[in-house]
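Visitor: I would like to go through this model with you. Could you start with the ground rules?

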Amino acid sequence: MNTHYFDYAAASPMSPAVMAAMQPYFSDKFYNPSALYLAAQEVKQAIHDSRALVARHLGAKPSEVIFTAGGTEANNLAINGVLSQFPGKSVLTSSIEHDSVLVTAALYNHTVAPVNSEGLIDTQELERLINDDTVLISVMYVNNEIGTIQPLARIAKIVSLVRIDRTKRGIDTPLYLHTDACQAPNYLQVLVHTLGVDMMTLNGGKIYGPKQSGVLYLKTGVQLRPEITGGGQERNMRSGTENVPAIVGFATALDETQMSREAETKRLRKLQQQLFIGLAEKLPTAQINGNKKYRVPNNIHLTIPGSDNERLMMALDEKGLMVATGSACSASSDEPSHVLQAIGLSDEQARSSLRMTLGRQSDPVAIAALLDGLTSIL
Ligand SMILES: Cc1ncc(COP(=O)(O)O)c(C=O)c1O
């Protein structure tokens, strides 16, 4: 049976170039980069080169790149790293953040800014929710369930005006802007100055790199309290002997995906359209969730009234079609998705919803197979 994968937002297969780049660091070049002999210094240089490559794609300085073990860790570091220094102060996030942001933010005074029914943050409401106790705002760049792209530059503008106002009033509480951009680099630029962010999370597992690899961009001058202390690696921000294959793999993956970003966006837009058009024809009751314009080209999120998404997912799986009922980024899938609740879907509608995310191996044949599978089951 031919299988077709439609869950790239959960995991992407490692690219051959990434695997080849990583391979020597498992075997021949296994040395601890902190050792002083020449062979180890070469490994240290590989980390250095990887950091420089990542920094180039972010428009950042190499010293602003902290390698982490994935997106969850980077999000935790950003939130705990700021909030633990300001007891009693608060963090403001959107209602559709990944759990690694929401659950961590909930450890502190946490204010939640709503999104509209299309999954876009209401920036006026966000502005209204900022007060003198807010030290951190965390808004994701691309949502992992419905694929919506948030207006980060507009939010950064609001943040800069709040800072000016605080300075005028003699308030010395800082205000930082963090974004979880785990789902962005395959299709969007991740230039930190254009986005206007102080911190940004990236995740190797979503960009055809290794799982448990990631980055936190940390703007010079932003103070964080580290979560993992010890040997002082990563400029004291993340101690522990470096996972060199993961670091090299992450940098190679980010480079490759940023270089192919425009062509892949064009290619997937066509496939997304093919699916939207096919759905309108063959399944006219299906509703598409999430704004259609401010959306990454690989995401199709549907509510099919009257269907049970788990049964539908299993029936599709029997036909070799792998889709998601929600976000596989959370270990428990029993609860209706908080993202779908936030855009106003009832529990019943959420349980009739499917996420399909495309990627490098998706092609028109796969889309046709998915449309056939959906129509024959329903
Ligand atoms: C937007 C977003 N943030 C954070 C994460 C967490 O990444 P990881 O589970 O690889 O740590 C994911 C996916 O799992 C995600 O999609």
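Predicted model: local features only at pLDDT ≥ 70, side-chain atom pairs only at ≥ 80, totals over all residues.

Visitor: Is strand E10 mostly covered or uncovered?
Guide: E10, residues 299-303, is mostly covered, with five of its five residues buried. Buried means under 20% relative accessible area, exposed over 50%, and partly exposed in between (1.4 Å probe, protein chains only). Strands (E, at least two residues) are DSSP runs, numbered from the N terminus.

Visitor: Which residues lie on each side of E10?
Guide: Asn299, His301 and Thr303 are on one side, and Ile300 and Leu302 on the other.

Visitor: And how many bridges join E10 to E12?
Guide: Five bridges join E10 to E12 (residues 353-357), and the two run antiparallel; strands pair if DSSP finds at least two bridges between them. Histidine 301 stands opposite arginine 355 in E12.

Visitor: Changing topic, which residues form an aromatic cluster?
Guide: Tyr5, Tyr8 and Tyr208 form one. Rings of Phe, Tyr and Trp (its six-membered ring) pair if their centres lie within 6.5 Å; planes under 30 degrees apart count as stacked, over 60 as edge-to-face and the rest as tilted.

Visitor: What sits over the ring of tyrosine 208?
Guide: The charged end of arginine 360 does, 3.6 Å from the ring centre. The criterion is NZ of Lys or CZ of Arg within 6 Å of the ring centre and within 35 degrees of the ring normal.

Definitions and conventions. Residues numbered from 1 in each chain as written. Heavy atoms only, no water. Helix = DSSP H or I, 4+ residues; strand = E, 2+ residues; numbered from the N terminus.
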